[in-house]
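I opened a new page for this structure. My notes are in the order in which I looked things up.

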Amino acid sequence: MPILSIIAFLPALGAAAVMCIPNSRGLSLAKWVTAGFMVVDLVIVAGMALSFDRGAAGMQFIEKIPWIPSFGINYFVGVDGISVTMIVLSALLSLIVVFGSWSTDHRPKTWFVMLLLLEAGMNGVFMALDFALFYVYWEWVLIPMYFIIAWWGKEDRSYVSLKFFLYMLLGSVLILLGILAIYLHPQGGTWDMVELANRNFPVGFQMWVFGLFYFGFAVRVPVWPFHTGHSDAHIQAPTAGSVTLAGVLLKTGTYGLIRVSLPMLPDAAHQWAWFVGAMACAAILYGSVVAFWQPDLKKMLAYSSVGHMGFAMLGIASGTQEGLDGAMILAFAHGVITGLLFLVVGMIYDRAHTRMAPDLQGVGKKAPVLGGMLAFAAISSLGLPGLAGFAGEFLVIVGAWKSELPKFYTVVAGVGMLLGAAYMLWVIYRVVYGEPTETVEKSMPEARPIDLLTAGPLMAITVIIGLNWNVLLDFIDPAIKILTQTLVRS
Amino acid sequence: MNILVAIPLIPALVFFLFFLLPRATRTKMLFLPIGAMAVSLVLSLMAFSTVFPGAEKLAEHGAQFTSYTIGVIGGVPLNISLRLDALAALMLLVVTIVGMAVQVYSLSYMKGEERIGWYYAVLSLFTAAMLTLVLAGDFLLFYMSWEVMGLCSYLLIGFWNTNDEARRASIKAFLTTRVGDVGFAIGLAYMWATVGSFDIPTVLGSAHTWGPGVATAIALLLFFGAMGKSAQFPLHIWLPDAMAGPTPASALIHAATMVAAGVFLVARSLPIFEASGVALQVVLIIGATTALLAASMGSVQHDIKKVLAYSTISQLGFMFMGLGTGNVSAGMFHLFTHAFFKSLLFLGAGSIIHSLHTQDMREMGGVGKSMKVTTVTFTVGTLALSGIMPFSGFFSKDLILDHLWREGHYVIYSVALASAFLTAFYMARLWFRVFSGTPRKAGHAHESDMKILSPMIVLALLSVLAGATTLVFGEFLGSETEWPSLVMGGASTIVALSGIGLGWALFGNGRDPEAVRARASKVYMIVTNRFFLDLVAEQYIAGGYNRLSEKVNWFDKKVINGIVNGVGVACRQAGTQLRRLQAGRVQVYQRLVVAAVLVLVLVAVLATGV
């Protein structure tokens, strides 16, 4: 059974189904159909993850059929442990986002179509093993995201959606050039991403192609100083857009580095490590510093993502087992935790119609459950052991110290832990704690059942991963081990 | 189920349950956390009995150990484990006894609080984390529970978070301790890169092979973590502010247990410090500096809880001095006795605050006549802390002084003696102000109920009796202890008595403390301003960071985003200009074609090399 294709195309099919719903029954039916398709998709994803052979090396559930034979392009999909975790994240957050936007009343049909198309693209990008297919999915995800911002965003949506799209496209162009360079190289000549990892390209060639890919992926991650497309987008995007953007789309960047740059260009990865690490450190510090003062909660979360993804990038730069394991755990955990944060901030915004921290003091007293959820998410984000945020950060720090990177990179990451705690506690200080402001007093009803259904699963996952890193590492670690062996060999 | 797992797990489960329950239900189910605490206490006593009284028993039973694979790195399992040894068993007793006392006490003290259920939930989580920490068989689990304790401390300090002081104090506490934790985390990374393991016996066993440089670095990084948690100079600034939390929580977390975790960490990893040598000197110096400075600051506070907070900092300094001599017992025995008498003092202070509704000692007075039980127990605590025979503090403090002298640390010894003098002084100052004389502004006190008094009575008994265990204690931990010698004990007694004497001279018989202040000097001013450390931390470090963040925000918006937008604008401008070339005017196209042909011809000519 072509299980991976089903996972990727089922949401697209769902999108078609939603489009067929007559307008008169738009919202009420569209959301149920969407949720139905996504639940089924998530169940299939879970089944795939459970039947995935975690002990075996290499790609599984492979499907390979000719697509454009004249160029040797195949429809080639398959997953290893890294892909599995990312697909789980994508399917999970997509469904959660549907709950999070349960009462969307502006063009509801189109909205749910976009969410379904977005999921289809995200699932696809994490399973594509043919470079051409990878690139198609890589671009695919931008289109629904563009519309989500452009049609459901805030006041500045048209400017920001265009800027976001063009910025991402700039990154994509670099990646396309990289893909073509590899394909056209005498030792290339194939689109097969698994095969390309064995080709041992000359070091000189690797060096500049790595640069293309690095900057291409860096725009997506986003790495400082290419982050402003993202931060603007988050301010304008609706909650669901922010959740998927920060929760899943950013991970395509780190995923790309791990799937493409490290295995295909291992020598360059080694040579460039100091630079990738330095940029990661800059992102950690910069993101955390900007997040601290920022009164707009969504912008603050956008910058916190810059900081957290900096940790993931540092883990990738380290090239060690610990660091890469950590980077992947962090990618997953950040998806869950930041998703949760954006959702709770969205709930607060829907009630108070403001996201400015100074107006929101005292949510915890007025609505203890809602405030508690925000505090929980903030505390997970600052890396409390026992919750998901810790494992990744800690392993990255351990891996960075163990690697050949300068030791002060690790010190910077350590300071990042402190600064991360600073801005997150500052959010609790300003929003959860204190006497309620007038706005909060008037407009902050307690969390509803749908809110608990939205946030609850993410909170539970945060605890489960925090108490048992193996939930993720069982999948990630063997795949990373193969990768680190490639890196050592180079 | 394994007893070692059950000890921390039971309170942890109570926390999870309370986390999920609605507020009203929690409030009705307070018997759960208290029951869980009692079970943990009983199990801890059982665990203790399997390793007491020492080496033979331990050898007979074997070290008790249980482990859990939390992750797998490169195919190798990463285990976290619980291990029971003498040090752990001792700490189990301290934590569960004080924890039990505090939980019973809180029933009355926190009665009527809307969020009392949450208070108990966090206390339970704290207990679980602290019990995990003392049983931790590896540094990873140690660090994890260490951080969770920090969270509980944060949550309890900010319990009354609609109060500005409390929410400020909570954030200050978490961040200051996290400064230390950064060092701890990097120390762990260094440890992993050196040994490839976090398992405590494995790490300690190989410490002497690392070379002094690595050992010093790792030891100091760990000690930096300990300085944050145990409030050592200059990271002590969070602890006095932490008194904004509920008093029983202060007694448990900020006096007896969590703040002692740093001392416990150094005691646990002492072989690393010994392999370094230098690190031990640093521990001595930091401990001595802290003991003296904190004692001096404690001598000028007017808030009864803050006096006790500075006293805790100072006593933790003593414990570090003890460990700095390289002797586990010297540090740990003081931790052991201090846990009882300091939590007793906090609970006593709470009893007084509960009755008088003020923490300002200038408004108190004459409490001795109306609160008999509180007065007697508090006096026991005062004498124990001041180091008066035969109360426990005398024996444990003497052990430290004795080791300092014997190892030839004469300067440190005299600093310790001076701190001991100040300790006796500030406690006398506190005692005379609160208990003697006549009631002042706060009015007449009335005695608290038995839920408050019975834990104090138990702790008072322990504060008296703990000293008698001096010899057993050393044998149990496997590092020799002795009764105080006549000379050393005599010297410290004279010092303590003269401290009390000075306190009586200045504050006895209801003498007016403002008169003393009138004679205040520059020194007094510097000390009351906490050596300006808090000012620096709050105004310059925290405030400076805020200003930096604002500036970087501006930079981000104007410069980085400006460049990005600039590129966009430039593209559009270029488009506007280039558009003119395609305006549909044939003349322009013709000119372009001619120009292009000319260029191509030129290139062709040059290329053929004619």
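The entries below cover a helix pair, a chain contact and some backbone angles.

**Entry 1, ground rules.** I am working with a predicted model, in which local features need pLDDT of at least 70, side-chain atom pairs count only at pLDDT 80 or more, and totals for chains, interfaces and linings use all residues. I count residues from 1 along each chain as its sequence is written, with chains lettered from A and ligands numbered from 1 in the order in which they are written.

I looked up how helix α1 (residues 3–20) of chain B sits against helix α6 (residues 116–135) of chain B: the angle is about 155° and the axes are 8 Å apart. Helices here are DSSP runs of H or I with at least four residues, strands are runs of E with at least two, and both are numbered from the N terminus. Axes are lines fitted to C-alpha atoms, for helices over the stretch in contact, and angles run from 0 to 180 degrees between N-to-C directions. The angle makes α1(B) roughly antiparallel to α6(B) (over 145 degrees counts as roughly antiparallel). I then listed the contact residues, among them Leu4(B) and Phe15(B) of α1(B) and Tyr120(B) and Leu131(B) of α6(B); contact means C-beta atoms, placed from the backbone, within 7 Å. Ala, Val, Leu, Ile, Met, Phe, Trp, Tyr, Cys and Pro count as nonpolar, Asp, Glu, Lys and Arg as charged, and the others, Gly among them, as polar.

How many residues does each chain give to the contact? I found 41 from chain B and 42 from chain A. On the side of chain B that touches chain A, α8(B) has the largest share, 13 residues. That side of chain B has 23 nonpolar, 12 polar and six charged residues.

Most residues other than glycine have a negative phi, and most peptide bonds are trans. I checked for exceptions. Phe233(B) and Pro234(B) are joined by a cis peptide bond, with omega about 0°. Pro234(B) is in the loop between α10 (212–229) and α11 (238–241) of chain B. Ala231(B), found in the loop between α10 and α11, has a positive phi of about 55°. Ala231(B) is buried, with 30 other C-beta atoms within 10 Å (20 or more are required). In chain A, Phe61(A) of strand β1 (residues 60–68) has a positive phi near 55°.

Note on methods. Angles under 35 degrees count as roughly parallel, over 145 as roughly antiparallel, 65 to 115 as roughly perpendicular and the rest as oblique. Two residues are in contact if their C-beta atoms, placed from the backbone, lie within 7 Å. A residue is buried if 20 or more other C-beta atoms lie within 10 Å of its own, exposed if 12 or fewer, and partly exposed in between; C-beta atoms are placed from the backbone.
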